[in-house]
Amino acid sequence: MNIVVELRKVVKDYRLGQTFFRALRGVDLAVKDGEFLAITGPSGSGKSTLLHLMGALHRPTEGQVLFEGMDLTSLSPDELARLRNTKIGFVFQQFYLLPRITAWENVALPLAYARVRPAERRERALAALARVGLLEFAQHRPNQLSGGQQQRVALARALVHNPKLLLADEPTGNLDTQAGREVLELFHSLHKEGRTVVIVTHEPEIASSAERIVVLRDGLIQEERHGLR
Amino acid sequence: MVFADLLRSAFSALSSHRLRTGLSILGIVIGVAAVVATISLVSGATAQMKERIAGLGIRTITINVFPTAIQSASAARALTQELTDKLAAADYVSLVVPIALSRASYTLGTQSRDLSLLGVTPQYLLLFDNFYPASGRFIHELDEGEKVAVLGANVAKDLFPDEDAVGELLTVELGGQKVPFQVVGVMVERGTVGNQTLDDYVYVPLSTLQTLTGSRQFTTYIAQAVDAESVEKAASAIEGVLAATFASATAQAGVSAQRGGALATPFGAARTQRLTPYSVIVQKTMISTYEESVRTLTMILASVAAISLLVGGIGIMNIMLVSVVERTREIGIRMAVGARPRDIRNQFLAEAVVVCVFGGLLGLGVGWLAAWLGSLFGRWPFVISGYPALLAVGFSVVVGLIFGLYPAIRASRLDPVEALRYE
């Protein structure tokens, strides 16, 4: 199986005023094409940092992040942006939709940065909304949608440019059980369609629904095990 | 992001903070309006002054010829006629009118009044617009040698306050003898034109005056250039004629007819030194002096206006910095879905430029309105041209770019993850 993204001896420091906080202390991890991976662990263990590194939002302090064999440390900010724009889809705990624009416009946002023609953007955004079952809410603004619906709009936005890798940071963390289950179901059905999915979660139920589970503690991989699938 | 996207997102962002956007626009409106109004007002005032100065005879060249030897009255007359014809034939000269000024006095009751007798030919009237007899007539060809007079408006008011002066007899004392003049006309009020106070003269035929004063008076020739641009060339041509005419006299006097430093007069500068037996004075220096001072005034006013534009620009920068902080999360989201740093920078620049262009266009309107009102109060022409319009819009785009650039660059340099986490 091909490897989509691989971390080699990755160390990540954050600056906290005068001191540094070491979020990751040397992580080796490879995500295979078509895999459903869950990253779990207590808060502060470095889960989100790991996800951001995979998603080209960060560059490691030490070590390498290889995306389809390409070393991200050698890429310029513009090239990283292009990578995020074409190969990666993000879903966040707080949805992170732009409040002033409609659902379909939010979904179309990555396409605007990819310089897709406006007519095609709308078409593809509506198709992505249909995929998450929210076509009839295309003209709604985020504040007119429930939390579950907002997260599904965010998922449509992550899908609209047909990315290689879908990254989700606690996607059900702000949702009630029912809405959380629906969103998780969507991730699973997307995985079945062949997409590579990495989910960060601290909920054991969600973690165990993945193919492979990586447990982080204090910036190191503590344990790796198979999930239920 | 294509241009249309940038504009759309700028309008959407700006319309979500209407009051704030409105105030930012207002700052630019005031700055641009100040610039536009200043330029328009000054050019209106300048146009008016230029018109007035042109009325004062910008084309006029004054030539003074000093007597080189004692001449008989008939010789003086002959010289005057000969020189008038020669000067009129010079290049770029459209008209030459000889005049002579003589002091005389007049006794009114017990008081003695000074009078200025101006010897003129009928062509004198051609030198001025709107100068004609209010009653009676002006000096005529047939008056040559006759003792007739036409009064300037002030003289008539002074000497004949209650009656029409036409037909009256005006007896003046000239060179020790009493000379009676028949008043045949009174001129309209015309004010001062160049260095000539038209209302204060008593106009008499030139030949009459020359006969009465002999050759003691020097003669002045007033020449007119074909147009305002040719004044200098006409003056040079006139100098050529004069230099040729007076070459022998100058050589005799041992004086070179070299053109030297300008002899300043309140209304112009003598082009030749007084060492020559003639001087040529143009009015043009007056205009250039005037234009110089207008330019200085414009610079000062424009600097003040530019400062208010600067203040408006600082307002824009302030608001854009606040906006960047407020929208840190949005910047993070856009970066996460693939916005490059330059996309973020352009987005914020577009907002600043949209604000400034709006402010610029509104400011143009307000500025023109202010200039129009100013022109009503100042009674000068309202001058409107494309130049301040271009300047205003250009200025505001530049202000938007300059003051929007720093906040925009700050926005573009945010770290995506930190931006997303920003509360």
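Some conventions to begin with. Residues are numbered from 1 along each chain as its sequence is written, and chains are lettered from A and ligands numbered from 1 in the order in which they are written. Since the model is predicted, local features need pLDDT of at least 70 and side-chain atom pairs count only at pLDDT 80 or more, while totals for chains, interfaces and linings use all residues.

Confidence next. The model scores ipTM 0.95 and pTM 0.68. In chain B the mean pLDDT is 81, with 86% of the residues at 70 or more; pLDDT is the predictor's confidence in each residue, from 0 to 100. Within chain B, the lowest confidence is in strand β12 (residues 263-265), at a mean of 38, and the highest is in α9(B), at 95. Over residues 250-269 of chain B the pLDDT is below 50, and this stretch has 32 contacts in the model beyond near neighbours in sequence. A contact here means that two C-beta atoms, placed from the backbone, lie within 7 Å.

Now chain A. It has seven helices and 10 strands, where helices (H or I, at least four residues) and strands (E, at least two) are DSSP runs, numbered from the N terminus. Of its 229 residues, 49% are buried. Buried means 20 or more other C-beta atoms within 10 Å of the residue's own, exposed means 12 or fewer, and partly exposed is in between, with C-beta atoms placed from the backbone. Among contacts in chain A between residues at least 6 apart in sequence, 67% join residues at least 24 apart.

On to the sheets. Strands of a sheet pair through backbone hydrogen bonds, either parallel or antiparallel. For pairing, DSSP has to find at least two bridges between the two strands. One open sheet of chain A has six strands in the order β6-β7-β8-β3-β9-β10, with mixed pairing. At its edges stand β6 (88-91) and β10 (220-226) of chain A, each with a single partner strand, so one side of each is left without a neighbour in the sheet. Neighbouring strands of this sheet are turned by 20 degrees against each other on average, direction ignored. Inside the sheet, β3 (residues 36-40) and β9 (residues 212-217) of chain A run parallel, joined by four bridges; A:A38 has A:I213 as its bridge partner in β9(A). Helix α6 (residues 177-192) of chain A packs on this sheet, touching β3, β7 (165-169) and β8 (196-200), and its direction makes about 155 degrees with that of β8(A). Axes are lines fitted to C-alpha atoms, for helices over the stretch in contact, and angles run from 0 to 180 degrees between N-to-C directions.

Chain A also has an open sheet of four strands, ordered β2-β1-β4-β5, with antiparallel pairing. Its edge strands are β2 and β5 (70-71) of chain A, each pairing on one side only. Strands β1 (residues 3-16) and β2 (residues 19-32) of chain A run antiparallel and are joined by 11 bridges, with A:R22 in β2(A) as the bridge partner of A:D13. Two residues lie between the strands of this hairpin, and A:G17 takes a positive phi near 65 degrees. On the other pairing, β1(A) meets β4 (residues 62-67) of chain A over five bridges, and A:L7 is partnered by A:V65.

Which residues touch the most other members of the largest nonpolar core? They are A:V107, A:A156, A:V198 and B:V32, in a core of 123 residues. Such a core is a set of buried Ala, Val, Leu, Ile, Met, Phe, Trp, Tyr and Cys residues joined through C-beta atoms within 7 Å. Helix α2 (residues 18-55) of chain B gives the largest share, 12 residues. Leaving aside neighbours within four places in sequence, the contacts of B:V32 include B:L309, B:G359, B:L364 and B:F395. A second, separate core has 59 residues, including B:I99, B:L170, B:V184 and B:L206.

One residue of chain B in passing: B:V148, in strand β5 (residues 148-151) of chain B. B:V148 counts as buried because it has 21 C-beta neighbours inside 10 Å. Not counting residues up to four places away in sequence, B:V148 touches several residues, among them B:F181, B:V184 and B:P205.

Last, the interface. Here 18 residues of chain B are in contact with 21 residues of chain A. On the chain B side, α1 (3-15), α9 (328-336), α10 (341-378) and α12 (416-421) each supply at least two residues, and α9(B) gives the most, with four.
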